[in-house]
Amino acid sequence: PLTAVVNFVEGALMRLEAGDDGPAVQSALVDAAAQARRAASIVRRLRALFSQQAPQWQVVAANELLARAASLLALDVEREAIQLEVQGTPPDLTLTADTLQIELVLVNLLRNAVECFRDRAWMPRRIVVRARAASGGVEIVVHDTGPPVAAEVRGRLFESFLTTRSDGSGTGLFLASAVVRSHEGRIWLEDTADGKSFIFLIPTR
């Protein structure tokens, strides 16, 4: 959400600099305020997670969750000229989860996928996110056509403060793993013929 706040505010500033002070600017600022409130909610949920409070369970349609997370990275995807595809998911496929926490997992995985293309203009730039029914729950897949994960860090991907980027915090995958584990699920990496996929399973409740 904080990335979305920055994107909406930057968009409003660009319009103002171009002499546009109409409804589009107001809409961007309204969206920025909404995402700031969402960020505050996520911080509260993460605080609850690490104080071992129970997640706030809700039933949510998988396609709604994927679309919402993807929309938060829309400007980053456009800026990096990446094709982001949210694959069709059966409308009756639902999961029971703390939706804000799972949205955070998705946003972190999508952001990692976006960032893996930086300084690699020669690579096919495509990200696909999808959900599918699986034995015991729902699997969510974030696939990218970027480079593979280095062999020396594969076994430590979900440790705190592990990063392969000079400007990385090393908390994204650690938080994702913590959230998935709090849902009694699991998260893992798979190599594919055209890239890699991060997959996590949320069990049926």
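A residue counts as buried when its relative accessible area is under 20%, as exposed when the value is over 50%, and as partly exposed in between (1.4 Å probe, protein chains only). By this rule, the buried residues of helix 6 are G172, L173, L175, A176, S177, A178, V179 and V180. Helix 6 is thus mostly covered, with eight of its 11 residues buried. The model is predicted: local features need pLDDT of at least 70, side-chain atom pairs count only at pLDDT 80 or more, and totals for chains, interfaces and linings use all residues. Residues are numbered from 1 along each chain as its sequence is written, and side-chain values use heavy atoms, with hydrogens and water left out.

The protein chain has six helices and seven strands. Helices (H or I, at least four residues) and strands (E, at least two) are DSSP runs, numbered from the N terminus. Along the sequence they follow the pattern α-α-β-α-α-β-β-α-β-β-α-β-β. Of the 205 residues in the protein chain, 48% count as buried. Contact means heavy atoms within 4.5 Å. Among contacts between residues at least 6 apart in sequence, 69% join residues at least 24 apart.

Five strands form an open sheet in the order 2-4-5-7-6, with mixed pairing. Strand 2 (83–86) and strand 6 (186–192) stand at the edges; each has a single partner strand, so one side of each is left without a neighbour in the sheet. The twist averages 20° from one strand to the next. Two strands pair if DSSP finds at least two bridges between them. Strand 5 (residues 137–144) and strand 7 (residues 195–203) run antiparallel and are joined by eight bridges. Within this pair, H143 has S197 of strand 7 as its bridge partner. E139 stands opposite L201 in strand 7.

On its other pairing, strand 7 runs antiparallel to strand 6, with seven bridges between them. Here D191 stands opposite K196 of strand 7. Strand 6 and strand 7 form a hairpin with two residues between them. Strand 7 is mostly covered: nine of its nine residues are buried. In a regular strand the side chains alternate between the two faces of the sheet.

Helix 6 (residues 172–182) packs on the sheet and touches strand 6 and strand 7. Its direction makes about 125° with that of strand 6. Axes are lines fitted to C-alpha atoms, for helices over the stretch in contact, and angles run from 0 to 180 degrees between N-to-C directions. Helix 6 also packs against helix 5 (residues 99–115), at an angle of about 150° and with the axes 9 Å apart. The crossing of the two helices is left-handed; that is, the near helix is turned anticlockwise from the far one by less than a right angle, whereas clockwise would be right-handed. Helix 5 contributes Q101, I102, V105, N108, L109 and N112 to the contact. Helix 6 contributes G172, L173, L175, A176, V179, V180 and S182. These residues divide into eight nonpolar, five polar and no charged. In this count, Ala, Val, Leu, Ile, Met, Phe, Trp, Tyr, Cys and Pro are nonpolar, Asp, Glu, Lys and Arg are charged, and the others, Gly among them, are polar.

A nonpolar core is a set of buried Ala, Val, Leu, Ile, Met, Phe, Trp, Tyr and Cys residues joined through side-chain atoms within 4.5 Å. The largest such core has 40 residues, of which L95, L106, L109, I127, I140, V142 and F200 touch the most other members. Elements that give two or more residues to this core include helix 3 (62–72), strand 4 (126–134) and strand 5. Helix 5 supplies the largest share, eight residues. Not counting residues up to four places away in sequence, L95 touches Q58, V59, V60, A62, L65, V138 and I202.

Several loop residues were also examined. T89 lies in the loop between strand 2 and strand 3 (94–97). T89 is buried, with a relative accessible area of 9%. Its contacts, not counting residues up to four places away in sequence, are A62, N63, L66 and A131. A81 lies in the loop between helix 4 (74–79) and strand 2. A81 has a positive phi of about 55° although it is not a glycine. At 59% relative accessibility, A81 counts as exposed. E184 is in the loop between helix 6 and strand 6. E184, also not a glycine, has a positive phi of about 65°. E184 counts as exposed, at 62% relative accessibility.
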